[in-house]
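Colleague: I've got the model open and I'd like to walk through it with you. Can we start with the pockets?

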Amino acid sequence: MASAPFSYRGQGFSLRGEKGRFVLPPSFRKVIRESSDDQRTLCLSKHERFDCLTGFGLSRLPQLDAQLDREEDRAYQAGRDFDRDTRSAQLFGFAEVPFDDSGRFIMPDYIVELGHVGEQLYFHGGGQFFTVWNPEKLFEMGPEWEAAKAACKAMMADSAKGPAKGRGRK
């Protein structure tokens, strides 16, 4: 596994395509492959606080171990109980979803349900991970998500125009 820090940034949008597949945006796909020894494995999980999913590559696994250790240490320092088994299950209970060279992937049904996935997905970079939103859930977020909402609306409008290939030609 690559040890360099990798960062997910920018935005992306996908409509559900044939066979129920979505497409991972190229910039995210590239980081996942580069950070995961060229493996095409998208890790998806329910976000802890937001009504969306988180995505990342296999390279994040050592960071999850370190996070678990930090959280346990903080709880110990504060005199609070810490259930390492439960927290470990939460952090490492993500789905490993394969994607093809074009970025197409199919989410497991339980991930679709957890993420309230419909016919559209908005992807938003978050550094060590990215968020994956049903646009309707994103639009319910507060004003601190204004930029993400604007980007999502613009991408939705672009997708409604149809494929970019040949756009404007007669």
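Colleague: How much space lies in the largest pocket?

Modeller: This is a predicted model, where local features need pLDDT of at least 70 and side-chain atom pairs count only at pLDDT 80 or more, while totals for chains, interfaces and linings use all residues. Residues are numbered from 1 along each chain as its sequence is written, and side-chain values use heavy atoms, with hydrogens and water left out. A pocket here is an open set of points on a 1 Å grid over the protein atoms alone where a 1.4 Å probe fits, with protein on both sides within 12 Å along at least five of seven lines. Points are joined across faces, edges and corners, and the volume is what probe spheres set on them fill; for the largest pocket that comes to about 370 Å³.

Colleague: Which element gives the most to the lining of the largest pocket?

Modeller: Lining residues have an atom within 4 Å of a point, and there are 14 of them, with Lys-46, Glu-48, Thr-54, Arg-60 and Leu-91 nearest the centre. At least two residues each come from β3 (41-46), β4 (53-56), α2 (61-78) and α3 (84-92), where helices (H or I, at least four residues) and strands (E, at least two) are DSSP runs numbered from the N terminus. With 3 residues, the top contributor is α3.

Colleague: How do the residues of that lining divide into nonpolar, polar and charged?

Modeller: Ala, Val, Leu, Ile, Met, Phe, Trp, Tyr, Cys and Pro count as nonpolar, Asp, Glu, Lys and Arg as charged, and the others, Gly among them, as polar. On that scheme the lining of the largest pocket splits into 4 nonpolar, 5 polar and 5 charged.

Colleague: Over to α6. Which of its residues are buried?

Modeller: Helix α6 covers residues 146-160 and reaches 21 Å from first C-alpha to last, close to the 21 Å expected, taking 1.5 Å times one less than the number of residues. Buried means under 20% relative accessible area, exposed over 50%, and partly exposed in between (1.4 Å probe, protein chains only). Glu-146, Ala-147 and Lys-153 are exposed on the other side of α6; the buried set is Ala-148, Lys-149, Ala-151 and Cys-152.

Colleague: What is the phi of Lys-19?

Modeller: Most residues other than glycine have a negative phi. Lys-19 is in the loop between β1 and β2 (22-23), and it is exposed at a relative accessible area of 66%. Its phi is positive though it isn't a glycine, near 60 degrees.

Colleague: And where does Asp-37 lie?

Modeller: Asp-37 is another non-glycine with a positive phi, about 50 degrees. At a relative accessible area of 46%, Asp-37 is partly exposed. Its place is the loop between α1 (26-35) and β3.

Colleague: Leaving aside neighbours within four places in sequence, what is Leu-61 in contact with?

Modeller: Leu-61 is in helix α2 and counts as partly exposed at 24% relative accessibility. Its C-alpha is 8.2 Å from that of Phe-92, though they're 31 residues apart in sequence. With contact meaning heavy atoms within 4.5 Å, the partners of Leu-61 are Phe-92 and Phe-94.
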